[in-house]
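Please read the report below alongside the sequence and the coordinates.

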Amino acid sequence: MEKIFRALQCTENDNIVFAAYTLTEDAEYLWDGVRQRLEREGIIITWPLFQVRFLEKYFSEDVREKKEMKFLALTQGSMNVGEYAVKFEELSRYHPHYHNAINEKPRCVKFVNGLRLEIKEAIKMQEI
C-alpha cells in the first residue's frame with residue numbers, strides 16, 4: 001500500500017483514510033474501535049500510529065521480536081548491495097528505532113555496518 005501511496009503522492013492523512021477504507025471484516029471493526037478510542041482520548045492519529053496499532057493486532061509480539069532480531073543480525077553476506085538494501089528495508093519496518101526515524105544517522109550506520117568489509121572500506125575511503 002505504501003508503494004501506491006508514494007505513487008499517488010498521498011499525504012499521511014490520505015494514507016490513513018485510504019488504508020482504513022481497504023480494511024474488511026474483523027480488521028475494519030478493529031480499526032473503527034481503535035480510532036474511536038484514540039479520538040476520545042484526544043490522540044492525533046498519524047500514519048506511524050496507524051501502522052503500529054495495525055501491526056500490534058496482526059503480528060504477534062513473538063513474530064515482531066523475531067523480525068527485529070533478524071534485522072539486527074542482518075548482514076550483506078552473499079547478497080549484492082541491491083538485494084541487501086531490499087532486505088534491510090523489509091526488516092527495518094519491524095524495528096521502531098530504524099523505521100520512520102527522524103534522525104537517519106543510526107539507520108545509515110546500521111546499513112553500512114552490515115555491508116561486506118571490502119565495500120565498507122571503499123565507502124570509508126570515498127568518505128560517503
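Predicted model: local features only at pLDDT ≥ 70, side-chain atom pairs only at ≥ 80, totals over all residues.

## Helix 3: length and faces

Buried positions in helix 3 are Ala27, Trp31, Val34 and Leu38, where buried stands for under 20% relative accessible area. Viewed down the axis of helix 3, the buried residues lie within an arc of 65°, so they line one face of the helix. In general, an α-helix has 3.6 residues a turn, so residues three or four places apart point the same way. Glu25, Asp26, Tyr29 and Arg40, by contrast, are exposed on the other side of helix 3.

## Surroundings of helix 3

The cover over the buried residues of helix 3 includes helix 2 (12-22) as well as helix 4 (47-58). After helix 3 comes Gly42, which has a positive phi near 75°.

## Packing of helices 5 and 6

Helix 5 (residues 61-72) packs with helix 6 (residues 81-92) at an angle of about 145°, the two axes being 9 Å apart, and the crossing of helix 5 and helix 6 is left-handed.

From helix 5, Lys67, Lys70 and Phe71 take part in the contact, and they meet Lys87, Phe88, Leu91 and Ser92 of helix 6. Sorted by class, this contact of helix 5 with helix 6 comprises 3 nonpolar, 1 polar and 3 charged residues.

Definitions and conventions: Residues numbered from 1 in each chain as written. Heavy atoms only, no water. Axes fitted to C-alpha atoms, helices over the stretch in contact; angles between N-to-C directions. Helix = DSSP H or I, 4+ residues; strand = E, 2+ residues; numbered from the N terminus. Left-handed = near helix turned anticlockwise from the far one by under 90°. Contact = heavy atoms within 4.5 Å. Nonpolar A, V, L, I, M, F, W, Y, C, P; charged D, E, K, R; others polar. Buried < 20%, exposed > 50% of the residue type's maximum accessible area, 1.4 Å probe, protein only. Arc of directions from axis to C-beta.
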